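Let us walk through this structure step by step. Keep the coordinates open and follow along.

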Amino acid sequence: MLDDAEIREWFRREVLPLEGQLTHFIRHNWRVEDDVMDLRHDVYELVIAGARQGLPLATRPYMFVIARNHLINRAKRARIVSFELVADLELVDSDFGLFDAERHLGAREALRRVQEGLAKLTPRVRQIVQLRKIEGLNIRETAERLGIGSDAVRQQTSIGMRALTDHMLGGGGGGTARVAPPDRRETGGDA
Amino acid sequence: MSRARQTNLEAADWLIARQDGPLSPGEQSRFETWMAESDGNKAAYWRLEYGWEQADRIGALGPDTVDSEEELRPARWSRWWVPMAIAASIALVVGSWQFATQRASMTIGKPVPDTSAQSFTTPVGGKRLVGLEDGSRMQLNTQSKVRTAFTAARRQVWLDQGEAFFEVAHRKDQPFIVYAGDRQITVLGTKFSVWRDGGKVVVSVLEGRVRVDEMKDNRLMRSSIIVGGDIAMAEGAATLVTARSEDKVESALSWRTGMLTFDEKPLPAIAAEFNRYNERKLVLVGPSVAAIRITGTFPSDKPDAFARLLRDAYGIAIDERETEIRVSR
């Protein structure tokens, strides 16, 4: 049994950088956009539970097998399973497994992505994120600087944190109602 | 609201609360209970924590991205400059200040070795500590070659081969620049090492900040700022900065004490690392040994001891020959 610290380290190092590809995979194989975030969350949960018995030798195939099985199970339960869906899912393995080294963002790419992510935020949220990240202000100091309540700062920070995380991991914003399919760059497999 | 969205909201609340200062004992135990509730909670929390850290790059964007916040600029820069200015003025008093005004004009990116250039080398397995004339110290690792040229305008070091660790004396108007292949590392007051393996350059920063510039035909292509705890790996047009990890930098620099430190490193990489230091090479035979990962600290000059450890711990066959040690399963 591995402890949480080991699993956390592995999850950050090996799993999260694959988020763009995982989201793309789920979205590609699941018609209901509103389910994508939930499904990804389920996959993470299963991936962590499985890793407790020992870390997989190769994270990518391990995670995509879990994702595929989970989608099949969900489809069966929802009685919407079709042969195309299952057949499609059986084929996915061949698409992945390459370019392991490329999933980490280069510094330039990370910078560009941060910039894009910031640009997507509302001006107020962006300002709060900048005060936090650049000036290192805490909640109370930010509230004083902007003359608003701490609760509002907390709420806006939460929005900024979640949106930027979605953007940095290339997984598409879960907070918005509908997100365009990620382009090839965001899948990370061909960067 | 979907389950994932709800969990994500809770995770964000906890992360914000924990980053805002230590939790009270009651809150701390509620946080631990929440984390222990499900792997889904952990997944959401670790994911946000990671993503939010990735967004730390905002700090490296430079002031011109803070377009909507003009007043942020002075605040941001003053935080850097105050401690650096103090450090620089101390170094001015301490450092030996014996430079005649030499040829000071050199276009940036087109270094010309000075006539007073010095050259330092180490053999395979060698290590050498060099005190430089400005009070900086340089430690050369195995099989390395370094040239230096100091003028009143700048201190320049060429890493032609191998690896070197630098402890740089602060000099406000005399930048310390290390040239490694097509990368140019400008020191902003710091301790760091540079390892060059052909076109690949790895910069590990222990303290302070350095700027890594990519040069092409004497023109500056792009720059990255690397701070303490960061490791930058550069090859061709790519520069990869690993997430901040003081531990990783410490292990990258453990060669200075004659030790090699590995954290879950695959055996082929470990063998390559040992082989940098020894004429007697570790040779891996067959694919099954390549998958083994090792964590630990080992003396860099004892590949045979390392191989015997592998044999005892993993039941791996070793064959010790005069010029190589063959490892197979």
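The model is predicted, not experimental. Start with the overall make-up of chain B. Its secondary structure comes to 8 helices and 16 strands. The chain has 329 residues, and 45% of them are buried. Now take contacts in chain B between residues at least 6 apart in sequence. Of these, 48% join residues at least 24 apart.

Turn to a run of paired strands in chain B. Strand E1 (residues 118-121) pairs with strand E4 (residues 145-150) through 4 bridges, and the two run antiparallel. Within this pairing, B:Thr121 has B:Lys145 of E4(B) as its bridge partner. E4(B) also pairs with E5(B), again in the antiparallel sense, over 6 bridges. A hairpin of 4 residues links E4(B) to E5(B). Across that pair, B:Arg147 stands opposite B:Trp158 in E5(B).

B:Trp158 leads on to another strand. It also stands opposite B:Tyr179, which belongs to E6(B). Strand E5 (residues 155-167) of chain B is joined to E6(B) by 4 bridges, and here the strands run parallel. As a rule, strands of a sheet pair through backbone hydrogen bonds, either parallel or antiparallel.

How many residues of strand E6 (residues 176-180) of chain B are buried? The count is 5 of the 5, so the strand is largely enclosed by the rest of the structure. In a regular strand, side chains alternate between the two faces of the sheet. E6(B) can be read that way. B:Phe176, B:Val178 and B:Ala180 point one way, while B:Ile177 and B:Tyr179 point the other. Residues of both sets are buried.

Next, look at a single site in another strand. B:Ala234 lies in strand E10 (residues 231-235) of chain B. Is B:Ala234 buried or exposed? Its relative accessible area is 4%, so it counts as buried, the cut-off being under 20%. B:Ala234 and B:Asp182 are 52 residues apart in sequence, yet their C-alpha atoms are 9.3 Å apart in space.

Further along chain B there is an open sheet of 3 strands. Its order is E13-E16-E15, with mixed pairing. Strand E13 (281-284) and strand E15 (317-320) are the edge strands, each pairing on one side only. From one strand to the next, the twist averages 20°. E15(B) and strand E16 (residues 324-328) of chain B run antiparallel and are joined by 4 bridges. One of the bridge pairs sets B:Ile318 against B:Val327 in E16(B).

Now to the helices. Helix H1 (residues 3-19) and helix H3 (residues 39-54) of chain B pack with their axes 9 Å apart, at an angle of about 55°. That angle makes H1(B) oblique to H3(B). The crossing is right-handed. On the H1(B) side, the contact residues include B:Ala11, B:Trp14 and B:Leu15. On the H3(B) side, they include B:Ala44, B:Leu48 and B:Trp52. By class, the contact residues of H1(B) with H3(B) divide into 8 nonpolar, 5 polar and 3 charged.

H3(B) also meets a helix from the other chain. The axes of helix H1 (residues 4-15) of chain A and H3(B) come within 10 Å and cross at roughly 50°. These two helices are therefore oblique to each other. H1(A) passes H3(B) in a right-handed crossing. A:Asp4, A:Ile7, A:Arg8, A:Phe11 and A:Arg12 form the H1(A) side. Among their counterparts in H3(B) are B:Lys42, B:Trp46, B:Glu49 and B:Glu53. This contact has 5 nonpolar, no polar and 7 charged residues.

Two residues tie these contacts together. B:Arg47 and B:Glu49 of H3(B) take part in the contact with H1(B), and B:Arg47 and B:Glu49 also meet H1(A).

One more residue of chain A deserves a look. A:Lys133 is found in helix H7 (residues 123-133) of chain A. A:Lys133 has 16% relative accessibility, so it counts as buried. Which residues does A:Lys133 contact, leaving aside its neighbours within four places in sequence? They are B:Trp52, B:Glu53, B:Ala55, B:Asp56 and B:Ile58.

Key:
Residues are numbered from 1 along each chain as its sequence is written. Chains are lettered from A and ligands numbered from 1 in the order in which they are written. This is a predicted model: local features need pLDDT of at least 70, side-chain atom pairs count only at pLDDT 80 or more; totals for chains, interfaces and linings use all residues. Side-chain values use heavy atoms; hydrogens and water are left out. Buried means under 20% relative accessible area, exposed over 50%, partly exposed in between (1.4 Å probe, protein chains only). Two strands pair if DSSP finds at least two bridges between them. Axes are lines fitted to C-alpha atoms, for helices over the stretch in contact, and angles run from 0 to 180 degrees between N-to-C directions. Angles under 35 degrees count as roughly parallel, over 145 as roughly antiparallel, 65 to 115 as roughly perpendicular and the rest as oblique. A crossing is left-handed if the near helix is turned anticlockwise from the far one by less than a right angle, and right-handed if clockwise. Contact means heavy atoms within 4.5 Å. Ala, Val, Leu, Ile, Met, Phe, Trp, Tyr, Cys and Pro count as nonpolar, Asp, Glu, Lys and Arg as charged, and the others, Gly among them, as polar.
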